[in-house]
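Subject: Structure handover

Hello,

Here is the structure I said I would pass on. My notes come after it.

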Amino acid sequence: MMNVRLLIAALCCFCACRVLSQGSGERSIKFQFRQVDIRDLVQVLAKIDGKVMIAGDDIKGKVSVDAPGEVTLEEAYQIVAALLETHKFNLIRTDTFLKVVPMSDAPRQALPVFFCEDGSHIPDSDAMITAVIPVKKASASAVLETLRPLISATGSGVSNKNGNMLILSDPASNIRRLLAILPYLDQPEPKSATDEQAEKAPLMTTEVYVVKYLKAKELSDILQKVFSGSGGEVGHHAAIKFIAVDPVNSIIVTAPDEAHAVIHETVDKLDVRRRQVLVEFRIVEYEKGKDLEVGVKFDFKDKDNTQHTVVFDGTAGLSNFFQYTASKMLSDNISLDAVLSLMEENDLVTIVARPKMFTADNQKATLHIGEEEPIVKSETDLGDDGGGQGKTVTDYIYKDVGIEIEITPHINATRDVELEISFKMTNILAEKVVGSTKAPEMGKRELNTNITITDGNTLVLGGHTQTRKGKNRSAIPLLGDIPWIGFLFGKTTEENQTLEMAIFITPRVIENADEAMAITGSHSFTLEPGLSESKEKGK
């Protein structure tokens, strides 16, 4: 049997090795066989190409080859590969060896590797190869799932996510077929609604806004309400974010690039120096019913050394005089404080307080002038302590006595100041005996109002009366003023006095440093008024 196989192989070699043409430099051979053992056929091809055949004992089977005319060596390889493929074997050709392996093991062998985008470089044979195929538009994994049923049973395929490539090991002829199908599969995937929205989304950039006057948190909350919302338009974009950084009073803004110009403009208009206001109060008390007998004449020199004279006849009471003072004297640039001081020196009025409150526009301010007075709440007699002495325990409570003012100014465009005022004044009128305990009689006057005053003008609020017990001294002129014995020529009586309170309110708006300096300067000098004439009578 062995002799027969050798004889057939020798005959095949003789037929196959006959050179038909040498002019072209490419060898041509006559390639025709009848019922030749497949192992012998591979052996003949290996001898023709000068290689060493490597094959296992499981390579068995008969094949016939009837190639019309002459074939080249490369074509002979393709014929042999096709014959092996029908018997589930693969032919692997290297520079030295010609190796025959089962198809199932071929993908794990050192197959020829081709990097290709189409089938032009793939050999037209049934030999197993490995092809690296780039996928340009679609997902490589999705394309592989579609092609997998078309890969031969002994082939393999994997996808590379990073490079979006396919790596296929299969007969070259089948890979050429898959490459012909690939262009129809390599198409962009249909976009979802989320993807389309993401593509339409504008380029987001982040900037840091330094806030000069407002608080970063307050401004951030305002901008969040104005610019965040539904839709993709500037001013209503849900993706715009504002993060306040309080330690450096800044805002981190993430927004579409084109939106920053609008946000900057808005911030510049909102982040401005707040207008401030100095509110001056003059709180005075006077005895109701007291009139001026002849009148009052005041001569003043202001800081520019300009002479001013104010004359008020005595036909009206002090209430009208205050109204006159608030309007006339301020329009003549004369200090209201100086006038009130002169009147206090002549026992016409009592200046209770002259507080000044400084606050920003729309910002509440509070002021408390006074003290806490101890008031006896109860006394407890503990009886004899054993030494013949009684012991009493007194329980006190403390109440605020004085003036409390709360204001909230609102400054409009014409510098008119709307003031929300809450005023409360408490004092001790007298002392009463309740049972065995002395308790103070408390007086309280409250005012809650909204008023509007033009910048620099003065408004007088009056009519708040209170009755107190006071002493009235009457005496014989001249004799009643003699030291030590003057009391013999007169008498002192207790009587109820009705005191009326007047509140002078003057707001001064401050918008810049010049106005602040001007107000500071106006409070840094004092007028030296002179009283020409003042007479009074009590009614």
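Predicted model: local features only at pLDDT ≥ 70, side-chain atom pairs only at ≥ 80, totals over all residues.

Residues are numbered from 1 along each chain as its sequence is written, and side-chain values use heavy atoms, with hydrogens and water left out.

Overall: the chain has eleven helices and 26 strands, taken as DSSP runs (H or I of at least four residues for helices, E of at least two for strands) and numbered from the N terminus. Of its 539 residues, 36% are buried (under 20% relative accessible area; exposed is over 50% and partly exposed in between, with a 1.4 Å probe and protein chains only).

Cores: the largest nonpolar core has 26 residues, of which Phe31, Leu41, Val42, Val80, Leu84 and Leu91 touch the most other members. A core here is a set of buried Ala, Val, Leu, Ile, Met, Phe, Trp, Tyr and Cys residues joined through side-chain atoms within 4.5 Å. At least two residues of this core come from each of β1 (28–37), α2 (38–49), β3 (62–72), α3 (73–86), β4 (89–93) and β5 (97–102). Helix α2 gives the largest share, seven residues. Apart from this core lies another, of 24 residues, including Val277, Ile403, Ile451 and Ile503.

Helix α4 (residues 140–147): Ala140, Val143, Leu144 and Leu147 are buried. They sit on the same side of α4, because they cover an arc of only 100 degrees around the axis (taken from the directions from the helix axis to the C-beta atoms).

Salt bridges: the count is 13, with a side-chain nitrogen of Lys or Arg within 4 Å of a carboxyl oxygen of Asp or Glu as the rule. Arg275, Arg415, Asp455, Glu511 and Glu515 are linked in a network of them. Within it, aspartate 455 pairs with arginine 415 at 2.8 Å. Aspartate 455 lies in the loop between β23 (437–454) and β24 (459–475) and arginine 415 in the loop between β21 (390–411) and β22 (416–434), so the pair ties together parts 40 residues apart in sequence. Arginine 415 also meets glutamate 515 (3.1 Å, N to O); glutamate 515 is in helix α11 (residues 513–522), 100 residues apart from arginine 415.

Regards
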